[in-house]
Amino acid sequence: MFKQITIIGFGLIGSSLARAIIEKKLAETIVCVDKDQEVCNKVLAMGLADDATTDPALGVEGSELVVLCTPVGAMQKVAQQMGRSLQKGAIVSDVGSVKTSVIKALQPLWPSHVHLIPAHPIAGTEFSGPEHGFAELFINRWCILTPQAHTELKAIEKLTQLWEACGSNVEIMDPEHHDLVLGITSHLPHLIAYTIVGTATDLEDDIKSEVVKFSASGFRDFTRIAASDPTMWRDVFLNNKEAVLEMLQRFTEDLTALQKAIRKGDGEYLYNHFSETRDIRRAIIDAGQAEYVYPEDDDADTEAAA
């Protein structure tokens, strides 16, 4: 599909993408770019790339596709470093959980002959690093593309074919709409998980030890989500603040209503509310978005990364 693909950032997503590309024979050559020389060495030793470098400008030379797999906050700096080395007609994409800020940061840096097509594969685990990637990560997961109105259709089709070959279901979406949707389906749940686990760590030592010892499945799932990469999630919240704050306000209002119902002993309100939310879970199962087992954790049933 491509003669050469450069993947910048070989964490969980970058290394999983490389594995899928190798398994499906989607590129003749894969180039690894990572700021950490040790990661570059590890990637080469694992056979995940044909070449590796810490220099983005060198790493993108001759590549038809460049995929940014760095935290959102690092993308602009990397893009500035590689901009002049991009070949004519190259497609540049990413895997970040925020799209509007990525477009604003990256689009002005490149000439018109470079196609910027932001993407977001909605898949992941709480683990990071090239050793934790696996080719099956994207199978039956959604990958959302947010091209701009002027983006060439051929470039969009080619990137779509790549993600479909990796096993993803591809959806085209407006970037602002993407950020709002992910604000409620991914970003707010992560914020809540970090808060709940943080509350537990502030408990008295004797209670805290019992929380760990007797953790039920709900709390275990929260800790799995809260174990995600802190750098990545810091950047997500800072770059999607409007959507996150809007969803957080709605959540706060709903939480206040539940507090009032519990205080007043309003069992009917609680029952009706829980019944409605139970229907959402059933709809997610029917859509095939609930059952997924990560190789590292046979008991996992939650998306833990952006």
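Residues are numbered from 1 along each chain as its sequence is written. In this predicted model local features need pLDDT of at least 70 and side-chain atom pairs count only at pLDDT 80 or more, while totals for chains, interfaces and linings use all residues; side-chain values use heavy atoms, without hydrogens and water.

**Exercise 1.** Describe the second largest pocket by its space and its lining.

Solution. 

Step 1. The second largest pocket holds about 950 Å³ of space. A pocket is an open set of points on a 1 Å grid over the protein atoms alone, where a 1.4 Å probe fits, with protein on both sides within 12 Å along at least five of seven lines. Its volume is the space filled by probe spheres set on the points, which are joined across faces, edges and corners.

Step 2. The lining has 44 residues, and Gly-9, Cys-69, Thr-70, Pro-71 and Asp-229 are the closest to the centre. Lining residues have an atom within 4 Å of a point.

Step 3. Two or more lining residues come from each of helices H1 (12–24), H2 (37–45), H4 (75–82) and H10 (230–239). Helices are DSSP runs (H or I, at least four residues) numbered from the N terminus. H10 gives the most, five residues.

Step 4. By class, the lining has 20 nonpolar, 14 polar and 10 charged residues. Ala, Val, Leu, Ile, Met, Phe, Trp, Tyr, Cys and Pro count as nonpolar, Asp, Glu, Lys and Arg as charged, and the others, Gly among them, as polar.

**Exercise 2.** State which residues of H7 and H11 meet, and sort them by class.

Solution. 

Step 1. Helix H7 covers residues 175–201, and helix H11 covers residues 241–264.

Step 2. In H7 the residues include Asp-179, Leu-180 and Gly-183, and in H11 they include Ala-243, Val-244 and Glu-246. Contact means heavy atoms within 4.5 Å.

Step 3. This contact has 10 nonpolar, two polar and two charged residues.

Methods. Axes fitted to C-alpha atoms, helices over the stretch in contact; angles between N-to-C directions.
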